[in-house]
Amino acid sequence: MATETPWALVTGASGGIGEALARCFAEDGCNLMLVARSQDKLEALAANWRPRYGIAVQVIAADLAQPGAADAVFGQLVAAPSYLVNNAGVGLYGRFQDTALAEEEAMVELNIMALTRLCKLCLPAMLARGEGRILNVASTAAFQPGPYMAVYYATKAYVLSLSEAMAEELKGNGVTVTALCPGPTASGFQAGARMKLGNSLKHLALADADEVARAGYRAMMAGRRLLVPGLLNKLMVQGLRLSPRRLVTALVARLSRPA
């Protein structure tokens, strides 16, 4: 990258995978622009990491689920980021006919529109420099429909599709796009989505957020287009590609149905 200290913009950086990804940049001496709703958590991270890693940290408290928030965040950045990590995201559990439209609209705004806007806004400077890295956090949910979390699964399918298409368009320009597709991870997501898992999933082992983040970070830096961390997740994704869609959808419904 450039000889001057580069900057990384990380959304959803106050905890879970986002915090762990931000720490990866900090450990490599990269300046940070941290975005999340909780200013207190971000300020605590900044106060710790500035002296520990000798980096500059900008904190931006924002709710990217609000229309126009991505543009407002971009307007506050102290530098053009060399790295963009779109990690912020939310889920919502329940039958489509029962869930609140307002919550799903906010989910689409956060998971899809904010991510898309930040990619659009950050790309010109990356292309002008001839170098840059984008990491979009999707999910193994991106590979199949998801009864009981229909809109969430659909948003992650969008993230995966967009990321792979961007990566192909940008090849040869010095800018890479990586889609990180983790399986269930210990990150607080399940509680935030108000998930009510059936008996078959209640004891599901959750991946470690730090391990997922480090794998995603390495994939991003290597310019890989797609990473599905974990052998079981990889096998599941390959199995989905060979299975009839109707069967896959029925299986997800059976696993996700509340007890």
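## Helix H7

The expected span of a helix is 1.5 Å times one less than its number of residues. Helix H7 has 13 residues, and from its first C-alpha to its last it reaches 18 Å, close to the 18 Å expected at 1.5 Å a residue. The structure described here is a predicted model.

Several residues of H7 are buried: Ala-209, Val-212, Ala-213, Ala-215, Gly-216, Tyr-217, Ala-219 and Met-220. At the start of H7, Asp-208 places a side-chain oxygen within 3.1 Å of the backbone nitrogen of Asp-210. Just after H7 comes Gly-223, which takes a positive phi of about 75°.

## Aromatic pairs

A search of the whole structure finds four aromatic pairs. One of them joins Phe-25 and Tyr-217 in an edge-to-face arrangement, with 4.9 Å centre to centre and 90° between the planes. Phe-25 lies in helix H1 (residues 16-27) and Tyr-217 in helix H7 (residues 209-221), so this pair ties together parts that are 192 residues apart in sequence. Phe-25 and Tyr-217 are both buried. Another edge-to-face pair is made by Tyr-152 and Tyr-153, at 6.1 Å centre to centre and with 80° between the planes. Both Tyr-152 and Tyr-153 are buried.

Ring pairs also link Phe-25 and Tyr-217 with Tyr-83 into a cluster. Tyr-83 is found in strand E4 (residues 83-86). Is Tyr-83 buried or exposed? Its relative accessibility is 7%, and buried means under 20%, so Tyr-83 counts as buried. Between Tyr-83 and Phe-96 there are 36 Å in space, C-alpha to C-alpha, although the two are 13 residues apart in sequence.

## Salt bridges within and around H1

The structure holds seven salt bridges. In one of them, the side chains of Glu-19 and Arg-23 meet at 2.9 Å, N to O. Why are Glu-19 and Arg-23 separated by about one helical turn? The reason is that they are four residues apart in helix H1. An α-helix has 3.6 residues a turn, so residues three or four places apart point the same way.

Glu-19 has a relative accessible area of 18% and is buried. Buried means under 20% relative accessible area, so a value of 18% falls on the buried side of that limit. Glu-19 and Arg-23 also belong to a network of salt bridges that links them with Glu-27, Asp-210 and Arg-214.

## Salt bridges between distant parts

Which residue forms a salt bridge with Arg-117? The partner is Asp-71, and the closest N and O atoms are 2.3 Å apart. This pair links distant parts of the chain, with Arg-117 in helix H4 (residues 101-129) and Asp-71 in helix H3 (residues 69-76), 46 residues apart. Arg-117 has a relative accessible area of 32% and is partly exposed. Asp-71, at 31% relative accessibility, also counts as partly exposed.

A salt bridge also joins Glu-168 and Arg-225, where the closest N and O atoms are 2.8 Å apart. Here too the pair links distant parts of the chain: Glu-168 is in helix H5 (residues 150-170), while Arg-225 is in the loop between H7 and E9, 57 residues apart. Glu-168 counts as partly exposed at 37% relative accessibility, and Arg-225 counts as partly exposed at 34%.

## From strand E9 to helix H8

Gly-230 is found in the loop between strand E9 (226-227) and H8. With a relative accessibility of 37%, Gly-230 counts as partly exposed. Gly-230 and Thr-178 are 17 Å apart in space, C-alpha to C-alpha, and 52 residues apart in sequence.

Leu-231 is found in helix H8 (residues 231-242). Leu-231 has a relative accessible area of 61%, and exposed means over 50%, so Leu-231 is exposed. Where does Leu-231 form a nonpolar patch with Leu-232 and Leu-235? The patch is on the surface, and the three residues together have about 370 Å² of accessible area.

Methods: Residues are numbered from 1 along each chain as its sequence is written. This is a predicted model: local features need pLDDT of at least 70, side-chain atom pairs count only at pLDDT 80 or more; totals for chains, interfaces and linings use all residues. Side-chain values use heavy atoms; hydrogens and water are left out. Patches are made of residues with over 30% relative accessible area and no salt bridge: like charges are joined within 9 Å, nonpolar side chains (Val, Leu, Ile, Met, Phe, Trp, Tyr) within 5 Å. Accessible areas come from the Shrake-Rupley method with a 1.4 Å probe; for residues, only the protein chains shown count as cover. A salt bridge is a side-chain nitrogen of Lys or Arg within 4 Å of a carboxyl oxygen of Asp or Glu. Helices (H or I, at least four residues) and strands (E, at least two) are DSSP runs, numbered from the N terminus. Buried means under 20% relative accessible area, exposed over 50%, partly exposed in between (1.4 Å probe, protein chains only). Rings of Phe, Tyr and Trp (its six-membered ring) pair if their centres lie within 6.5 Å; planes under 30 degrees apart count as stacked, over 60 as edge-to-face and the rest as tilted. A polar contact is a pair of N or O atoms within 3.5 Å; within protein, one must be able to donate a hydrogen and the other to accept it, and residues adjacent in sequence count only if both atoms are side-chain atoms.
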